[in-house]
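Please look over the sequence and the model shown here before reading the report.

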Amino acid sequence: MQFDPFVIPFDLGLYFILIYAVTRSIIWFRELSRPDKLRLQRGFFGKAFGQSLKEIFLESLIHRKILKSNLRLGYMHMSLAFGWFLLILFGTIEADIFGEKHLNAPYKAIFFKFFNPDHGKTPFEAGYSFLMDLILAFILSGLVLAIIKRFSSKAVGMKKTTKLKTLDKIALTSLWLIFPSRLIAESLTSGAYGTGSFLTGTLGSWLASFLPASQMAYPFWWLYSLSLGTFFVLLPLTRYLHIPTELFLIFMRNSGIRTGDKAGSFSEVEVHSCSSCGLCIDTCQMNFSAGINNMQAAYLTKAIRNNTETFDIAQNCLMCGRCDQICPVGIELSPIRMIQRRTGDSEISYTNTWKGYFREKQHLPVKKQNIRNSFDFLPESNPGKADILYFAGCMTHLTPSIKIAMTSILNASGLSWSFIDEKGGACCGRPLMLAGQDKEARELINYNSQIIWKSGAHTLVTSCPICYKVFKESYYLDVEVLHHSQFIKNIIDDGSVKMNFLHKRVTYHTPCELGRSSGVYDEPREVLRHVANLETTDFDNENSLCCGGSLGNLMLSQENKRKIASCTAAELTRKNPDFLITACPLCKKTLAPVTKYKVIDLSEIVAESIVTPAVLKKNTYRFKKTVRESVGVEKS
Amino acid sequence: MTGSVVVVGGGTAGMEAAGQLAKAGLSVTLIEKEKYLGGHLREWHHLFPDRRPGDEVLSYLKNQIIHNNIRLLTGEGVEGFQKRGNDFIINTRSGDVVKADAVLLTTGFDLFRSERKEEYGYGIYDNVITSSDLEEMFHSGEIMMKNGEKPEKIGIVHCVGSRDEKVGNLYCSKLCCVTAVKQAIELKEALNKCKVFCFYMDMRMGGALYEELYREAQEKYGITFIRGKVSEVGVNFSKRLVIKAEDTLAGRPLKMELDLLVLMAGMEMSAEGLKLAEAGKLEIGENRFFAASDNHFGSNKSNLKGLFYAGTCTAPMNITETISHARSAVSDIINYMNSDRK
Amino acid sequence: MEKFGFTLTKARVIDYDRNDHSIVDFIMEREPSFKACIECGCCSATCTTGNFTGFSLREINVLLKRGENDQVRKKIKKCMLCGKCSLVCPRGVNTRNVVFVAKQAFQKFDNYAV
């Protein structure tokens with residue numbers, strides 16, 4: 001037997017999806033910017049290739065990251081992905097070894113049992129059948145978990161799972177039918193011929209005992225082929241597109257391509273690589289503290305793919321970055337969200353065409369905005385010459401204790417410094433950026449840059465992590481930007497100040513903008529170890545919580561902010577510390593009202609424990625070098 | 001009439017109620033956590049609206065409770081209580097057990113801790129004080145700044161810790177407006193040369209003779225009232241306080257240097273009261289004060305039969321209202337003893 | 001042009017009934033906390049922008065609620081969205097979003113952006 005009409009649906013589906021994959025890859029490749037194209041070419045033929053293969057094996061097949069964070073969910077994904085891969089691999093080998101000839105058409109491997117019903121008689125064949133049954137059982141166990149998850153997500157250790165659209169449901173049904181129909185088809189054939197191993201053989205002989213197995217098998221082979229075909233044809237319209245897209249994403253990422261700030265091929269590939277696994281929903285504080293679950297990253301990527309309204313989803317987010325941290329596919333979710341916030345402002349957007357099989361890049365005419373000179377009222381400011389500038393930031397003016405503490409620390413350091421926004425200055429620009437209004441933000445950035453240039457300073461110290469991030473990343477300044485925790489660490493390290501050890505137990509809250517957003521984790525902790533007993537919490541460093549007061553979310557009501565803040569404060573004070581320390585005025589303002597524990601800034605505890613103010617004789621040049629060395633940048 | 005009542009809290013309400021209950025022939029145990037009776041009344045130098053010395057009212061209340069039927073337990077807290085049948089069993093902190101037929105809670109209020117409004121700089125800047133600190137100064141007769149000098153420009157901030165979502169108190173503390181007016185007048189009397197500025201959101205002068213006092217403050221004492229909530233307090237180079245507000249009626253931001261800033265701290269449910277509410281499963285309202293069983297004719301009754309409330313543990317009240325509330329509690333208790341309990 | 005003693009100036013009265021309330025309705029729907037403002041002026045006092053120029057969120061709030069949109073349109077672009085106001089508001093108004101939504105409203109209901 002060489003051919004049977006029932007393989008046609010499968011064949012059609014398979015060739016359709018192969019042609020589709022190639023076409024779409026070409027489109028994506030063509031739309032990459034020139035440098036990114038070069039990067040990808042280099043990555044494909046270079047060292048990154050091996051890395052990508054390794055990552056594909058570990059993440060796309062084994063699903064290592066999901067396994068790490070949730071064993072049951074990981075097993076579910078692994079059994080389906082890795083199991084299916086093994087089934088195809090060993091199926092092809094099986095057809096190659098045991099078939100009538102080598103190099104068969106794909107359908108020969110997939111429907112091997114149908115074309116070789118009496119396979120499995122010799123011990124070697126039986127052993128191979130056992131292996132194939134084992135793989136099928138492996139997949140089916142994952143499928144059972146998937147079905148349970150769909151109806152009760154808690155079963156796989158998930159609190160929430162994503163909701164589906166109609167096409168997803170059809171695709172899901174066809175996916176669910178693939179393996180059971182294969183099981184029954186193989187079993188019936190095996191039953192009729194007395195072959196098959198522990199799974200198909202046993203089930204087959206049992207079915208054959210009361211059913212006409214040989215007649216019954218044929219419709220199930222049809223069903224198997226049809227479900228495969230349907231699944232392949234619908235795949236581009238559903239979230240299952242992530243299966244092939246993720247491979248592309250891994251290659252692109254390992255070649256050094258990043259999301260950037262405009263929509264493009266890479267962000268498209270990222271959006272389509274989201275498997276809607278839902279880990280981002282579980283890790284999101286908006287979900288577990290405030291009970292809001294319609295805006296998490298999985299919903300954002302889904303809305304972008306489906307071309308539905310994204311405005312509210314994109315805006316209603318703390319931008320804390322916890323989802324970036326947990327995403328098993330490694331999608332840069334926060335940058336993608338920022339791109340969505342900027343739409344209307346940016347000229348590129350994507351819309352679905354061809355009933356959703358393709359997406360077209362559109363160059364929108366940018367709305368003429370009369371935003372020029374909106375901040376022309378800002379006065380000319382001259383801070384005077386100083387080596388070090390201190391920029392308190394808007395929020396710090398509402399926490400005078402931080403201002404006072406920083407003033408005494410800066411005085412104690414013996415360096416020449418100037419307080420640029422003592423009487424209130426312009427905003428740093430980050431809040432406007434977070435709202436997606438980059439052009440307005442740029443105006444403020446220019447204004448502040450001028451002040452900093454005029455002063456001739458070599459170091460800029462800020463108390464607010466929000467300011468720190470924007471000074472560091474979006475200003476083009478020839479100064480070292482330090483958060484005050486880094487500055488304090490430097491002056492402790494170079495001996496400018498001496499500290500008393502206060503016998504207090506403290507826990508440290510990592511502000512999102514300082515930690516996940518800017519990667520400053522160690523300096524505040526090292527400073528704290530100089531002055532107090534630093535206790536650990538369940539939410540340290542990369543896993544830190546957001547205080548809820550984030551400027552990233554414009555829409556969140558005060559009530560929900562308070563809910564998030566209360567949860568965070570409760571988690572961080574489990575060990576009854578004397579102080580809950582943070583390094584951000586906004587976190588302090590948000591956490592202080594919701595806990596009975598005293599919330600203070602890092603600078604306050606440092607100011608309290610400084611021994612004697614150093615005399616004004618420090619060699620500032622020496623300091624400058626220390627700063628640069630410690631940050632690992634040499635001034636060019 | 002026979003029966004026993006435990007009154008928890010020896011402030012204005014507790015003392016008045018204990019006295020009236022004793023007069024009615026009930027045997028009363030009055031438990032006060034501090035060494036001395038009087039509660040917050042002891043902190044007041046003068047009362048509004050007639051500026052009668054607080055001591056006068058205190059001594060009236062003290063005379064009330066010199067009675068054979070009253071047993072005093074001062075310096076003693078209440079740990080918890082149970083209701084067995086119709087009897088209450090009260091456990092004191094030192095381990096005593098007191099049995100009673102009815103309980104009256106007069107646990108009062110706590111003054112809002114002004115450190116919680118960090119932007120006002122209480123506890124950070126020397127010359128930011130609260131209304132209660134100022135009463136103490138009036139007591140001692142020495143109104144001065146930290147450096148010993150007499151202040152010449154004084155600001156008063158209304159609504160500190162009341163009507164403020166940020167500290168979780170949405171309610172109006174009711175007394176701060178009139179206290180501010182009273183204190184402004186007294187400041188002006190004590191320091192003839194000084195200028196006093198009140199920063200308010202709304203002037204709530206609803207009580208008897210309050211509006212007259214307000215008018216007097218303007219006409220006779222020349223106090224300036226500015227409509228705008230102070231949002232930030234800082235210091236300038238010479239360490240003088242600088243406040244930022246918006247003069248909402250002029251529609252422009254306002255900056256002012258001050259020698260002394262007085263924060264009108266609001267009232268909050270007392271910590272002791274909250275503990276008892278938790279221990280006894282007593283209902284509390286959204287404002288965290290005890291919730292009365294009915295707003296109109298059950299303002300002294302709780303969700304537990306035989307347990308009553310009086311005074312500022314149910315809502316912010318002035319002395320007059322507190323005393324009236326205590327008396328109405330007494331009449332509720334007597335009714336309960338006579339009929340409901342049987 | 002020669003100016004006469006009696007020019008046709010816009011009346012000083014707030015013509016509440018003829019004013020356009022679509023913008024304020026849009027804001028109230030998207031940011032309901034806007035309704036809770038009691039015009040205490042805390043936001044304007046602490047305002048980073050108000051430090052330098054005549055920008056008062058309290059004033060904007062009142063003008064919007066009366067339908068005096070023209071005055072608001074010119075002013076609202078001055079906001080830096082720094083968020084200090086939302087930290088001091090005693091009524092828990094989500095002031096930052098009020099400005100953000102107001103800008104949106106002007107884009108939506110007027111043909112030109114603010």
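The report below takes up one interface and then two individual residues.

## Basis of the model

This is a predicted model, in which local features need pLDDT of at least 70 and side-chain atom pairs count only at pLDDT 80 or more, while totals for chains, interfaces and linings use all residues. Residues are numbered from 1 along each chain as its sequence is written, chains are lettered from A and ligands numbered from 1 in the order in which they are written, and side-chain values use heavy atoms, with hydrogens and water left out.

## The interface of chain C and chain A

The size of an interface is often given as the accessible area lost when the parts come together. Chain C and chain A bury about 2700 Å² between them, with 61% of it on carbon and sulfur atoms; buried area here is the accessible area (1.4 Å probe) that two parts lose on being put together, summed over both. On the side of chain C, the residues losing the most area to chain A are C:Phe52, C:Met80 and C:Arg96, which together account for 23% of what that side buries. In terms of contact (heavy atoms within 4.5 Å), 30 residues of chain C meet 38 residues of chain A.

The rule finds 1 salt bridge across this interface, a salt bridge being a side-chain nitrogen of Lys or Arg within 4 Å of a carboxyl oxygen of Asp or Glu. A:Asp312 forms a salt bridge with C:Arg30, and their closest N and O atoms are 2.5 Å apart.

## B:Glu165

B:Glu165 lies in the loop between β10 (153–160) and α4 (176–190) of chain B, helices (H or I, at least four residues) and strands (E, at least two) being DSSP runs numbered from the N terminus. B:Glu165 is buried, with a relative accessible area of 11%, where buried means under 20% (1.4 Å probe, protein chains only).

Leaving aside residues up to four places away in sequence, B:Glu165 touches residues including A:Gln558, A:Arg562, B:Leu170 and C:Cys89. The side chain of B:Glu165 also makes a polar contact of 3.0 Å with the side chain of B:Lys166.

## A:His458

A:His458 is found in the loop between α22 (438–455) and β5 (459–462) of chain A, and counts as buried at 9% relative accessibility. The side chains of A:His458 and A:Thr459 are joined by a polar contact of 2.7 Å.

Definitions and conventions
Buried means under 20% relative accessible area, exposed over 50%, partly exposed in between (1.4 Å probe, protein chains only). A polar contact is a pair of N or O atoms within 3.5 Å; within protein, one must be able to donate a hydrogen and the other to accept it, and residues adjacent in sequence count only if both atoms are side-chain atoms.
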